[in-house]
Amino acid sequence: MNLDAHFEDLLAKTRLEGRYRTFAQLERIAGAFPKARWHRPDGTMREVTVWCSNDYLGMGQHPDVLAAMHETITRSGAGTGGTRNISGTVSEHVALEEELAGLHGKEAALLFTSGWISNLAALGTLGRLLPNCAIFSDALNHNSMIEGIKRSGAERFIFRHNDVAHLEELLGSVDADRPKIIAFESVYSMDGDVAPIAAICELAERFGAMTYLDEVHAVGMYGAQGGGIAEREGLADRITLIEGTLAKAFGVIGGYVTGPTLLIDVIRSFAESFIFTTSLCPHLAAGALAAVRHLKASGTERQLQQEHVAYVKTALLAAGLPVGTDTASHIVPLMINDAHLCRRTSELLLEEHGIYVQPINYPTVPVGQERLRITPTPFHTPAHADRLVAALIAVSNEINGAPQMKLAA
């Protein structure tokens, strides 16, 4: 077999389908978020406005976060030197886990190197250790949740997205005595819609199921202290396990799971992706801790962001641009529904208007649902939003003969 030809064919197919991924090389500018420097292919640089960052509240630039990280590097150096078991547990890990458990009103928390790994570890471990476990998973759950459930070997039941009636039907189809886990998200990252958490909790309580809630796109963003949608709706105490990330609203990197001490101890003791992974660097944990503490005390960033999200949605709709109708959060999908047009729109925004919004295509979203995913922050002003809308209209006018795009004012 000609392996090189095989792999070249695979890549050629992704290019033909318009889903070959290229990376824009950006250099974030400290103190100037959401501005960044774009390294052009010709070697020159241009300042651009980033409209698709997951640093939702700009905490990656916050002085408290930077100061904590600098101080910890000066005091402790760069890495931990091992896994949590082999000299890799540091005071910053312990303090951050205590803070995260408190944020969600849980007994304990466990840190991971990313949110992807935390889902893989928690769902994979619990589903494997619970005898004859049945896991009920929302159809639009994140890849990390899907992979964790697959890894567990547990029987999977996929319920239609946010469809409580379908979930009830599936729960009723299995033996009442079987261990059951309902795995779902609070804010879904591509459409920006929100799960019916209360209704799912009611079903879980009626059928004796554990609940596993991914709050990755909601922690820091919602609730009086930034505990997520579950906190905002007063439901955190009804959720068995809450998983989150430190890489989005908290502006650093890492993931975590919070819940009852017993379950967290089981994950700590049996999850291979925790046991055999070098632990999070002390300065990263320190930066995340500073971000969590700041956002627990301050609602200013959340309030500003929500105001700017509302302005952007209104401006896009007023211009006749195709904003996804399901969005009930800070995520604003602009539907293009064609992979090649989506990529070309992104390229023209960057090259001609100094605006960066990456194209979202398969497998992140289904074929035919390609989009630009816009994420306003507290630092995007109305003037930024007006320029974005004007640029989208200009790009729409430049791309002719593309009715699928529907980017016409």
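Arginine 84 sits in the loop that runs between helix 2 (63-76) and helix 3 (91-103), where helices (H or I, at least four residues) and strands (E, at least two) are DSSP runs numbered from the N terminus. The model is predicted, and local features need pLDDT of at least 70, side-chain atom pairs count only at pLDDT 80 or more, and totals for chains, interfaces and linings use all residues. Residues are numbered from 1 along each chain as its sequence is written, and side-chain values use heavy atoms, with hydrogens and water left out.

Arginine 84 has a relative accessibility of 17% and therefore counts as buried; buried means under 20% relative accessible area, exposed over 50%, and partly exposed in between (1.4 Å probe, protein chains only). Its side chain makes a polar contact of 3.0 Å with the side chain of glutamate 97, a polar contact being a pair of N or O atoms within 3.5 Å, of which, within protein, one must be able to donate a hydrogen and the other to accept it, while residues adjacent in sequence count only if both atoms are side-chain atoms. When neighbours within four places in sequence are left aside, arginine 84 is in contact (heavy atoms within 4.5 Å) with Thr89, His93, Glu97, Leu111, Phe274, Thr277 and Ser279.

Arginine 84 also belongs to the lining of the largest cavity, together with His93, Leu111, Phe112, Thr113, Ser273, Phe274, Thr277, Thr278, Ser279 and Leu280. On a 1 Å grid over the protein atoms alone, a cavity is a set of points where a 1.4 Å probe fits but cannot get out, and lining residues have an atom within 4 Å of a point. Grid points are joined across faces, edges and corners, and a volume is the space filled by probe spheres set on the points. The structure holds two cavities of 30 Å³ or more. In the table, Ala, Val, Leu, Ile, Met, Phe, Trp, Tyr, Cys and Pro count as nonpolar, Asp, Glu, Lys and Arg as charged, and the others, Gly among them, as polar.

| Cavity | Volume | Lining residues by class |
|---|---|---|
| Largest cavity | about 90 Å³ | four nonpolar, six polar, one charged |
| Second largest cavity | about 30 Å³ | five nonpolar, three polar, no charged |

Strand 4 (108-112) and helix 10 (272-275) each supply at least two residues of the lining of the largest cavity. The second largest cavity is lined by Trp51, His308, Tyr311, Val312, His380, Thr381, Pro382 and Ala385; helix 12 (300-318) and helix 14 (382-398) are the elements that give two or more residues to this lining, and helix 12 gives the most, with three.

Serine 186 lies in the loop between strand 7 (180-185) and helix 7 (197-207) and is buried, at a relative accessible area of 0%. Beyond residues up to four places away in sequence, serine 186 touches Asp193, Val194, Ala195, Ile197, Leu213, Asp214, Glu215, Ala218 and Ile229.

Isoleucine 360, in strand 13 (residues 359-360), is likewise buried, with a relative accessible area of 7%. Among the residues that isoleucine 360 touches, not counting those up to four places away in sequence, are Met190, Cys342 and Arg371.

The structure holds zero disulfides, a disulfide being a pair of cysteine sulfur atoms within 2.5 Å. Cysteine 342 is accordingly in no disulfide, and the nearest cysteine sulfur, that of cysteine 52, is 11 Å away. Cysteine 342 counts as buried because its relative accessibility is 0%, whereas cysteine 281, at 24%, counts as partly exposed.

Key. On a 1 Å grid over the protein atoms alone, a cavity is a set of points where a 1.4 Å probe fits but cannot get out, and a pocket is an open set with protein on both sides within 12 Å along at least five of seven lines; lining residues have an atom within 4 Å of a point.
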